[in-house]
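Me: I have just opened this structure and would like to understand the words used for it. Could you walk me through a few of them?

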Amino acid sequence: MRFKTCFFVIILFCCYNSNAQTSKTLYHDASKFFLYGKAFNNPQQYHRIDTAAYGDLPLTVKRLLTNSAGLAICFKTNSPTIAAKWCVTDKKPANNMTLIAQKGLDLYIKKDGKWQFAGVGRPDGTCNEFTIVKSMDNTEKECMLFLPLYDELKSLEIGINDGSKIETLENPFRKKIAIYGSSIVHGASAGRSGMAYPAILSRKTGLYFINLGISGNAKMEKSAARMVSDIEADAFVLDCVPNPSPTEIKERAEYFVKTVREKHPKAPIILMQSIIREQGNFDLAVKDRVKKQNEEITAAFSRLKNTGMKDIYLITAEKLLGDDHDATTDGTHPNDLGFYRMAEQLAPQITKILNQYNIK
């Protein structure tokens, strides 16, 4: 009886060990795959901008541009399992964001011609290892792994089953549209990085959106205008009204637009009013500030049009978050519902404008 028991245990151990071997995970440096969302081919792989090239940018703006918001690794694999190893900084988490959005990963896989959420990489420290999705079939899949919204990514490896294939996925998006803006563009307070509204717009429209969200610091400085104007984009969206004061908007908006226009004579430039802050439903100071901000950007738009500038547009704030007052996390930043609603409202308006220029 003891012999039979021991024999059974040995057989179980061998089977388990065999399964462990067949499911061994091999990791591949993500830098060899296509990186979506970059404005420039700068040497810092996961920085949105080479900030050394723009020495006069404010220091906080430089730091925020090292965040990997809006960037995504595109690859193809037939592996039943997709895992990741990645390192970020020891920056403390924000109190209005999930750790997954700030420091984690967000995987989408194309299914029936559409990008579909597949899983997340959950961080638990500075360096992390996590199985994002498993037990899939072994057909080849197109994958898009969105990177952390609010941290600097130091390194990234993508893990697949031993014996499976992985290779780069060529750019699956068309044209390039740069969005310069506030923390709302940056992605606060999305639950995960693929839910920032520029990322949703990419998946909905098939267009390549460059996320230049600079949390709390998109104040239309002259140095920022020069940086944005250097981007080779087919169109520009300026969703930066939430950050500057009404006076700053009055003083800076026209210079910013003219700087972009000088480098891009025919590119459409789309200005956006600030979303209505839910805090302003009761806080009258917040309500008044947003009202004045939107009045100033509308006045700047009118002045630019009156001076003869063409190919410039204004999207107003109505209905961007809906009317049930449940679309923000903290009264200021959209939650996933808010970002989805923004994309639903913005996609037809932006594509209608871009279609006039054959940007589709």
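Reply: Gladly! Let us begin with M220, which sits in the loop between β12 and α6 (222–229). Keep in mind that this is a predicted model.

Me: What makes M220 count as buried?

Reply: The relative accessible area of M220 is 3%. Buried means under 20%, so M220 is buried. M220 also has a phi near 60°, a positive value in a residue other than glycine.

Me: Which place does K175, with its phi near 55°, take?

Reply: K175 lies in strand β11 (residues 174–181). The phi of K175 is positive too, in a residue other than glycine.

Me: Why is K175 called partly exposed?

Reply: K175 has 38% relative accessibility. Buried is under 20% and exposed is over 50%, with partly exposed in between, so K175 counts as partly exposed.

Me: How do you know that α6 and helix α7 are roughly parallel?

Reply: α6 and α7 (residues 246–263) pack at an angle of about 25°, with their axes 9 Å apart. Angles under 35 degrees count as roughly parallel, and therefore these two helices are roughly parallel to each other. The crossing of α6 past α7 is right-handed.

Me: Which residues make that contact?

Reply: From α6 come K222, A224, A225, R226, V228 and S229, and from α7 come Y255, F256, T259, V260 and K263. By kind, the residues of this contact are six nonpolar, two polar and three charged.

Me: What makes β12 and β15 the edges of their sheet?

Reply: The sheet is open, with five strands in the order β12-β11-β13-β14-β15 and parallel pairing. β12 (207–213) and β15 (312–315) each have a single partner strand, so one side of each is left without a neighbour in the sheet. On average, neighbouring strands here are turned by 20° against each other, direction ignored.

Me: How do you know that β14 and β15 pair?

Reply: Strand β14 (residues 269–272) and β15 share four bridges, in the parallel sense. Pairing needs at least two bridges, so the two strands pair. Within β14 and β15, L271 stands opposite L314. Helix α8 (residues 284–306) packs on the sheet, touching both β14 and β15, and its direction makes about 160° with that of β15.

Me: Where is there a cis peptide bond?

Reply: A cis peptide bond joins A188 and S189, with omega about 5°. S189 lies in the loop between α4 (183–186) and α5 (197–205).

Notes:
Residues are numbered from 1 along each chain as its sequence is written. This is a predicted model: local features need pLDDT of at least 70, side-chain atom pairs count only at pLDDT 80 or more; totals for chains, interfaces and linings use all residues. Side-chain values use heavy atoms; hydrogens and water are left out. Axes are lines fitted to C-alpha atoms, for helices over the stretch in contact, and angles run from 0 to 180 degrees between N-to-C directions. Contact means heavy atoms within 4.5 Å. Buried means under 20% relative accessible area, exposed over 50%, partly exposed in between (1.4 Å probe, protein chains only). Angles under 35 degrees count as roughly parallel, over 145 as roughly antiparallel, 65 to 115 as roughly perpendicular and the rest as oblique. A crossing is left-handed if the near helix is turned anticlockwise from the far one by less than a right angle, and right-handed if clockwise. Ala, Val, Leu, Ile, Met, Phe, Trp, Tyr, Cys and Pro count as nonpolar, Asp, Glu, Lys and Arg as charged, and the others, Gly among them, as polar.
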